Number of protein chains: 2
Amino acid sequence: MSATRPFTIACIQDGVLPDRTATVDATVARIRDAHDKGAQVIVLKELFDAPYFCKKLDQARFGLAEPVDGPTIARMRALAAELAVVLIVPFYERQAPGLYRNSAAVIDADGTLLGLYRKMHIPHDPLFEEKYYFAPGESAAVAQPAGCPGPARQAGGFMVWETRYAAIGVLICWDQWYPEAARITALLGADVLVYPTAIGWHPAEKATFGDAQVSAWRTAQRAHAIANGVFVAAPNRAGFEAEAGTDGIEFFGHSFVSDPFGRLIADAGTEPTTLIATCDPALIEDTRRNWPFLRDRRVDAYRPILERWLA
Amino acid sequence: MSATRPFTIACIQDGVLPDRTATVDATVARIRDAHDKGAQVIVLKELFDAPYFCKKLDQARFGLAEPVDGPTIARMRALAAELAVVLIVPFYERQAPGLYRNSAAVIDADGTLLGLYRKMHIPHDPLFEEKYYFAPGESAAVAQPAGCPGPARQAGGFMVWETRYAAIGVLICWDQWYPEAARITALLGADVLVYPTAIGWHPAEKATFGDAQVSAWRTAQRAHAIANGVFVAAPNRAGFEAEAGTDGIEFFGHSFVSDPFGRLIADAGTEPTTLIATCDPALIEDTRRNWPFLRDRRVDAYRPILERWLA
């Protein structure tokens, strides 16, 4: 069941404060503000309550992970229920001793924890050492946390969540570079794909590549909107984070919401801000009727996409 | 074997003249001009030597099709050999009585006809009635015309051609909206994806949707460059074509060449022109090393992409 009425989505673009409680407090204030401005679905940045700790390998940082039944998600569930908003809460999940994930909790507008999406594509680059910190999501259906209803539909580790206001496809950051992930999640019936993100500039690269990196980041995701006829909402981290022995990372913001034809309907610069956009599901069907891409997919011909290389 | 040295590609953006001979003559002059400016690989627009005849159903228009061993391709082969250029020649192919294709002949720089790519994704929209005129390409390997060596590699109907100057992935127009086609063709080892195109504005839509349509068209294809780390070259038709009983189509040009990070390195407006751009294959590897997307594909998880809908 996709949304039948327009829904209003917010992307919270911000950084973190020196301790977790202060960061969560600030985020709660931003969520309340977004709700006051009409937001019904509110999406936070990747790993919302922690510094981007993957900048180097440090065993102690596994300690930043928190179980899904820990205090942070509990607080977000209470807030969702109080405000009657859907919250997408990306966090560092402690699943078991020695098993940690880059996850997003999907909380419905009555405070129900619907379940978790676990990031499928894990990067590994200088200052983005995520393969050290995160086990990837599974390619098969797996049990959700105890008591959670789970996604409405899933396939290959990709998931769509039926919430009070919209059918939401949750993906995380590096997933955004993979058209396969967007396609499968859209085919699962999403009205909107959300991409909580932590992407930034290496200070030494910014002058030469900074603009092109922002453009590539937006272009890849706007193309998912176009190819699939869905809304896309991408909240990114903002601000500089230091790391001893490195130049740090300047998270570049530039969060946005795209309509199903790739048009930006809300977009940010580099400063902390909250984007709010109303998404009319009627535009999904209208867009898909005008240029009916889904009809003409050659599903008989795509099997080679299951290979890593064909040359 | 991908290219090891930079190659120079040209996109010829033009319209057609009232008769085929005049159109081919004009195209030959443009090809000579592109060669004089250094082009080694020259790509023509979709159905280069015919008006865009798919604007309505008319049985007589099947008569526009010509066999691959007909005079037009013969003339292009001789020209390729004379100038030592690779030519991508999209044309209306008569394969057998009652069986016609939207094809592209791939001609190597010694005049060898390497073979044909046949358009896989066939649109069907007001004034773009292509399902009437064209059988789609096959999802399995099929014999190439007699005497042709065929593509260097193929999978699912998608093909890469080893030419003197570059490994070329040929796709046609509506194919450009399908990330699956770009992905498979890139995995076959293409240095560049080429998309001969005939896309235009319905005059009644232009004021409201014209800019967004151009932007969506470019964005979708620049995203293929980014996701796959390949060059993309898209020559579009230009100029107005009338059709009795309709408002006609204003083909919108805006041809472009994108580098592997989605940056435009050559781009056109609406007027006839020839774009020329040099593509350095070293940039492909450099781009893929900086943000190594190909490494992290979840080929274990993409099987659901073989379905048409999952909800």
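Q: Is B:Arg75 buried, partly exposed or exposed?
A: B:Arg75 is partly exposed, at 34% relative accessibility; buried means under 20% relative accessible area, exposed over 50%, and partly exposed in between (1.4 Å probe, protein chains only). This is a predicted model, in which local features need pLDDT of at least 70, side-chain atom pairs count only at pLDDT 80 or more, and totals for chains, interfaces and linings use all residues. Residues are numbered from 1 along each chain as its sequence is written, chains are lettered from A and ligands numbered from 1 in the order in which they are written, and side-chain values use heavy atoms, with hydrogens and water left out.

Q: Which residue forms a salt bridge with B:Arg75?
A: B:Asp25 does, with the closest N and O atoms 2.9 Å apart. A salt bridge here is a side-chain nitrogen of Lys or Arg within 4 Å of a carboxyl oxygen of Asp or Glu.

Q: And how many salt bridges are there over all chains?
A: The structure holds 50.

Q: What about A:Glu130 and A:Lys119, how far apart are N and O?
A: Their side chains meet in a salt bridge at 2.7 Å, N to O. A:Glu130 is buried, with a relative accessible area of 1%, and A:Lys119 also counts as buried, at 1% relative accessibility.

Q: Which residues are linked with A:Arg30 in a network of salt bridges?
A: A:Asp14 and A:Lys45 are linked with A:Arg30 in that network.

Q: Changing topic, what rotation superposes chain A on chain B?
A: A rotation of 180 degrees, with 0.0 Å of shift along its axis, gives an RMSD of 0.0 Å, using least squares on the C-alpha atoms of residues with pLDDT of at least 70 in both copies. That is the relation of a two-fold axis.
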